[in-house]
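Trainee: I've got a model open and I'd like to learn how to read it. Can we go through it together?

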Amino acid sequence: MKRVPSGLKVQPLNGLVTFFSFLFVIVLFAWSFDTATFRNVLDARRLGRRFESTSPLVEVPLKLEKILFQNETRLGNASSAVEMVKRAIEATSAVERVKQTIEVNSSVESVKPTIETEAAADSVKKPESAADSVKKLESAAGSVKKPEWIRFPDQENETETLLRRLAENGTKPCHAVATARIVGFGLGVDRQLELQAGVVHRFVFTAYDGNGEPRCSGGDYFETDLSGPSWKSRPPVTDLGNGSYFLSLQVDPRFAAGLYSLKIILLFGNYNGLHRRRDGWARREEMLSVDVKFVEAQDSTAGPPLKVCSGEDYSAQAWSGRWTRSAHKDTCNIDSAGRFRCLDAEEPCKKPWCDGAVGLLESNGWVYSAHCSFKIYKPNEAWDCLDGKWLFFWGDSNHVDTIRNLLNFVLELWDIKAVPRRFDETFVKGSKRVRITSIFNGHWNETLNYQGIHSLTNADFRDRLREFFAGDRLPDFMIMNSGLHDGVYWKHVGKFAEGAEEAAEFWDSVMKSVDDRKKKRPVFLYRTTIATGGYARSLWYNPHKMETFNHILLEKFREKNLVSMIVDGFDLTYPWHYDNNCSDGVHYGRAPARTKWHGQIGHQYFVDLMLVHILLTAICLV
């Protein structure tokens, strides 16, 4: 008999908000589809099978998605919520398709207020006609100048929202049922999708149990993968908290050629990835697999603009990037040193995807970009940038690999075969020098593991950290992450949130002591923890938990105004986390070696090497 997960829960709260949220999406569906389509939805629900829409592809505008998410806890009047959604849908359907396409592609900041943005709150109090809504939507669409890259929606009070949802979990019988399938509106399972390249396409899907009943709450963790011949990305999924989810897709027109594969995999159901126990919860069930064809616009080069990252680009809370390649060799064999030097080291990047020589990544052409692109540094350029700087790392053992790869591949200090978990050393080449300090935070004792930020409860460890910020010479950069060890130690999300608050308070006190001495604070760069790969997807530090912990810790540190820059290591590693070709499960930067590796000889190391250049792009801006 199949195990039915009960999910995580803390103290129960009123479940009325969940009812209104679910009603929200039902009304959206009712006004969005024609009679025949709606009948198919009911049939799918009754028969417990996947639904395939027979009507034209249905997409959800970005600002309607934002309203549904942000108003989840504020809207206490169901009729007001229904009216707001109804008018937004009516307005969207009244505008020509081309204008809707432009609207879908725009961010909230790039358009004038419409019924789906700031005007939404007023529209609840003061109804307006559909005609007025259309005029606003047309005005907004006409104001959009250029397409923009896909982004995760900003989520305010994320920790509070998550803890509230966990508290509500278990208060209804429908919480204790497992997701058996998803119903994807506009996502056919027996036909190929055809979408316009360059545009951000948004869809909605709902989780159903084995009896064909929709789940009444969120908490399912879906892995998503969009892969083409020269493209790999993670389409963002937004959990509405009521059993329904938004999915966003985008492919640049310059990579429209070829057939794409879109997959949605249920890794954990009902918040079960957040359990401390590792056994028995992982599902790893493919919910959707469909081919997608992206069609080029008339101007095949008219993709979203992409420039090399500037300082403000590192303020984005969560990235939604992609791996692309414009040059590669069909056959790329490992050499005697365990390296994959398939392209010439001087092989140039094809702009705008990076700046420099992509051959230096030893990735057979793969390179990562997000809402901006990154520079690939030659050794002399890196030494010029780092000369005289002091870099302070505080994090897990992935930092150790990143530092070694920086020293070997970029700074060409190949005599350094390994670096310890804890060290403070100055590296020299000619007249150039750089000081690097690394303090392992997996445990206050560097030989042990699985404490994470709880290591700060050790007084000697705290004092040791303070010493580096108490002298006349301070680090120029502090690069930190929470680490995989937190996934093992903390018994509950709420406890980790408390630990994150205490960690933020500690570092806030350290930086305030710097202020008191009239010294300049280090640039504080938060690097999110990786997405664990292959077998490790099911363990204590699984992607569901690590992504959650990333968001909680980052939120706590930003509340203290500690964070200067953000590098999303989670998004960087995610497209490669389905197997162990690029990682041993918990590290993406192990040194090259022509040895047996998870059933093969050798492994890829370019993902962490890309991270090195992303960090350098940030460091060299200062």
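**Reading the sheets and the core**

Mentor: Let's begin with an open sheet of seven strands, which has mixed pairing and the order β2-β9-β8-β4-β5-β10-β12. Its edge strands are β2 (193–196) and β12 (367–369), and each of them pairs on one side only. From one strand to the next, the twist averages 25°. This is a predicted model: local features need pLDDT of at least 70, side-chain atom pairs count only at pLDDT 80 or more, and totals for chains, interfaces and linings use all residues. Residues are numbered from 1 along each chain as its sequence is written, and side-chain values use heavy atoms, with hydrogens and water left out.

Trainee: Which rules sit behind the strand names, the pairing and the angles?

Mentor: Helices (H or I, at least four residues) and strands (E, at least two) are DSSP runs, numbered from the N terminus. Two strands pair if DSSP finds at least two bridges between them. For angles, axes are lines fitted to C-alpha atoms, for helices over the stretch in contact, and the values run from 0 to 180 degrees between N-to-C directions. The protein comes to 16 helices and 21 strands.

Trainee: What is the strand order in the open sheet of six strands?

Mentor: The order is β15-β16-β14-β17-β18-β19, with mixed pairing. At the edges are β15 (423–429) and β19 (565–567), each pairing on one side only. The twist there averages 20° from one strand to the next. Inside that sheet, β14 (residues 390–395) and β16 (residues 432–440) run parallel, with six bridges between them. Phe393, for one, has Ser438 as its bridge partner in β16.

Trainee: Which strands does helix α9 lie across?

Mentor: Contact means heavy atoms within 4.5 Å. Helix α9 (residues 379–386) lies across β14, β15 and β16, running at about 75° to β16. Helix α14 (residues 543–559) also packs on the sheet, touching β17 (477–480), β18 (523–527) and β19, and its direction makes about 165° with that of β18.

Trainee: Why does Asp486 count as buried?

Mentor: Buried means under 20% relative accessible area, exposed over 50%, and partly exposed in between (1.4 Å probe, protein chains only). Asp486 has a relative accessible area of 0%, so it is buried. You'll find Asp486 in helix α12 (residues 485–489). Leaving aside neighbours within four places in sequence, Asp486 is in contact with Gln451, Gly452, Ile453, His454, Phe496 and Phe549. Its side chain reaches the backbone nitrogen of Ile453 at 2.8 Å.

Trainee: What does Ser397 make a polar contact with?

Mentor: A polar contact is a pair of N or O atoms within 3.5 Å; within protein, one must be able to donate a hydrogen and the other to accept it, and residues adjacent in sequence count only if both atoms are side-chain atoms. The side chain of Ser397 makes one with the side chain of His587 (2.7 Å). Ser397 is in helix α10 (residues 397–410), and it counts as buried because its relative accessibility is 15%.

Trainee: Where does Tyr588 lie?

Mentor: Tyr588 is in the loop between α15 (569–573) and β20 (596–597). With 2% relative accessibility, Tyr588 counts as buried. A polar atom of its side chain lies 2.6 Å from the backbone oxygen of Ala531.

Trainee: Which residues touch the most other members of the largest nonpolar core?

Mentor: In soluble globular proteins, nonpolar side chains tend to be buried together. A nonpolar core is a set of buried Ala, Val, Leu, Ile, Met, Phe, Trp, Tyr and Cys residues joined through side-chain atoms within 4.5 Å. The largest one has 145 residues, and those touching the most other members are Trp394, Leu411, Phe469, Trp507, Phe557 and Met610. Not counting residues up to four places away in sequence, Phe557 touches several residues, including Met480, Trp507, Phe524 and Leu562. Of the 622 residues of the protein, 60% count as buried.
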